[in-house]
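Come and look along with me.

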Amino acid sequence: MWLLFAVLSAVFAALTSILAKIGIEGVNTNLATAIRTVVVVVMAWGMVFLTHTQSGMAQISKRSWIFLVLSGLATGASWLCYYRALQIGEASKVVPVDKLSVVITLILAFVFLHEQFTVKSLAGCVLIGAGTLLMVL
């Protein structure tokens, strides 16, 4: 089931890039990011209430709160940078560079989460890096 959601995530991320590139034309990227964020907040809380999971907030540990807030700050910074890059660059070049996050995530998962870094992971990182260079040059 995770694969289905991962594929859907990729499809929606691709749509996000194209829709954003069209939508930010002539719009300040910080304002555009704020508008996008409000939509995401409304949609996320809508899902919480639709699925009746709001009562779970009381059970969230302090540690989880800290890391969720930090994750939110990282997301916000990512979106601000992404929208600015998308506004001044070509989507076909900005998006591949943005997807270098896959390589960075694998490295960080190895260092901080002690996940396995295999020959296959290394080969994938090299190929993604090489593919990104090929697409942006």
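Here are my entries, starting with the ground rules.

**Ground rules.** This is a predicted model, where local features need pLDDT of at least 70, side-chain atom pairs count only at pLDDT 80 or more, and totals for chains, interfaces and linings use all residues. Residues are numbered from 1 along each chain as its sequence is written, and side-chain values use heavy atoms, with hydrogens and water left out.

**Entry 1: helix α2.** I looked up α2, which runs over residues 29–50 (helices are DSSP runs of H or I, at least four residues, numbered from the N terminus). Its 22 residues reach 31 Å from first C-alpha to last, close to the 32 Å expected at 1.5 Å a residue (1.5 Å times one less than the number of residues).

**Entry 2: its two sides.** Which residues of α2 are buried? I found Thr29, Ala32, Thr33 and Arg36 (buried is under 20% relative accessible area, exposed over 50%, with a 1.4 Å probe and protein chains only). They fall within an arc of 95° seen down the axis, so they line one face of α2 (the arc is taken from the directions from the helix axis to the C-beta atoms). The face turned away carries exposed Val38 and Val42.

**Entry 3: its partners.** I saw that the buried residues of α2 pack against α1 and α3. Leaving aside neighbours within four places in sequence, Ile24 is in contact with Ala32, Tyr83, Leu86 and Gln87 (contact means heavy atoms within 4.5 Å).

**Entry 4: its ends.** Asn28 caps the N-terminal end of α2, with a side-chain oxygen 2.7 Å from the backbone nitrogen of Asn30. Just after α2, I noted His52 with a positive phi of about 55°.

Definitions and conventions. Helices (H or I, at least four residues) and strands (E, at least two) are DSSP runs, numbered from the N terminus. A polar contact is a pair of N or O atoms within 3.5 Å; within protein, one must be able to donate a hydrogen and the other to accept it, and residues adjacent in sequence count only if both atoms are side-chain atoms.
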